[in-house]
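Please keep the sequence and the 3D view at hand while reading.

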Amino acid sequence: MIMPRGSDQLLLPANPFFVWFTLLFALVFNLLPFGREPAVPDLLALVLVFWNVHQPRRVGVGAAFVFGLLMDVHEAALLGQHALAYTLLSFFAITIHRRLRWFSLPAQALHVLPLFAAAHAVSTIVRLAAGGMLPGWQILWAPVIESALWLPATWLLLAPQRRAPDPDQNRPL
């Protein structure tokens, strides 16, 4: 089997409880009262994209839709605003997941930057179509920050899969 360049060790399977715990943790982080600061990164979108890239069969577009509805209810936004943005984000992340993993982490961060920018643009366009106000130029920082968080998020979320398995005489790896 040909391994992607940059993966120097085999990873253990992802624990489904850890996957869903990280998604719920990101949701709780998004629920914290940061006010109406537009430059705050959407941690839930970052974790959704990460698991869409690394576990596309476990976390899909349906989960993104449900988390988007939860964010819509929490922020009292137009119902479906975040759901549409997260669904499109997850769809395109799943679309490029095989190609994305062949790149190095900084290159991956550059590849997911347009995804995050498009998700924020969709959310802003829906908000403006419903009669909302333009959030200002600070909204341009959120996708950049989310893309910069791709490196530490990858290191953190793949850490449980990197632990060495117990050595065994019958298992050489």
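The largest pocket holds about 850 Å³ of space. The model is a predicted one: local features need pLDDT of at least 70, side-chain atom pairs count only at pLDDT 80 or more, and totals for chains, interfaces and linings use all residues. Residues are numbered from 1 along each chain as its sequence is written, and side-chain values use heavy atoms, with hydrogens and water left out.

**The pocket**

Rolling a probe the size of a water molecule over the atoms shows where empty space is left. The search runs on a 1 Å grid over the protein atoms alone, and a pocket is an open set of points where a 1.4 Å probe fits, with protein on both sides within 12 Å along at least five of seven lines. Grid points are joined across faces, edges and corners, and the volume is the space filled by probe spheres set on the points.

The lining of the largest pocket consists of 33 residues, and those nearest its centre are Arg36, Glu37, Glu75, His82 and Arg127. A lining residue has an atom within 4 Å of a point. Helix H3 (61–75), helix H4 (81–95) and helix H6 (105–129) are the elements that give two or more residues to this lining. H6 gives the most, with six residues. By type, the lining has 19 nonpolar, eight polar and six charged residues. Here Ala, Val, Leu, Ile, Met, Phe, Trp, Tyr, Cys and Pro count as nonpolar, Asp, Glu, Lys and Arg as charged, and the others, Gly among them, as polar.

**The chain as a whole**

Helices (H or I, at least four residues) and strands (E, at least two) are DSSP runs, numbered from the N terminus. The chain has 173 residues, of which 38% count as buried. Buried means under 20% relative accessible area, exposed over 50%, and partly exposed in between, with a 1.4 Å probe and protein chains only. Among the contacts in the chain with a separation of 6 or more, 71% are between residues 24 or more positions apart. Contact means heavy atoms within 4.5 Å.

**Helices H6 and H7**

H6, which also lines the pocket, packs with helix H7 (residues 141–148) at an angle of about 145°, and their axes are 8 Å apart. Axes are lines fitted to C-alpha atoms, for helices over the stretch in contact, and angles run from 0 to 180 degrees between N-to-C directions. The crossing of H6 and H7 is right-handed. A crossing is right-handed if the near helix is turned clockwise from the far one by less than a right angle, and left-handed if anticlockwise. On the H6 side, the contact is made by Ala109, Leu110, Val112, Leu113, Phe116, Ala117 and His120, and on the H7 side by Ala142, Pro143, Val144, Glu146 and Ser147. These residues divide into nine nonpolar, two polar and one charged.

**Single residues**

Is leucine 89 buried or exposed? Leucine 89 lies in helix H4 and is buried, because its relative accessible area is 3%. Leaving out residues up to four places away in sequence, leucine 89 touches Ala45, Val49, Leu115, Phe116 and Ala119.

Asparagine 30 lies in helix H1 (residues 16–31). Asparagine 30 is also buried, with a relative accessible area of 11%. Its contacts, again without residues up to four places away in sequence, are Pro41, Asp42, Leu43, Leu44, Met71, His74 and Tyr86.

Tryptophan 20 is in helix H1 as well. At 33% relative accessibility, tryptophan 20 counts as partly exposed. Tryptophan 20 touches Arg58, Val59, Ala63 and Phe67, not counting residues up to four places away in sequence.

Alanine 76 lies in the loop between H3 and H4. Alanine 76 has a positive phi of about 55° although it is not a glycine, and it counts as exposed because its relative accessibility is 69%.

| Pair | Apart in sequence | C-alpha to C-alpha |
|---|---|---|
| Leucine 70 and glycine 80 | 10 residues | 9.6 Å |
| Leucine 10 and glutamine 161 | 151 residues | 8.7 Å |
| Tryptophan 20 and arginine 58 | 38 residues | 9.5 Å |
| Leucine 89 and valine 112 | 23 residues | 9.6 Å |

Leucine 10 lies in the segment before H1 and is exposed, with a relative accessible area of 54%. Leucine 70 lies in helix H3 and counts as partly exposed at 41% relative accessibility.
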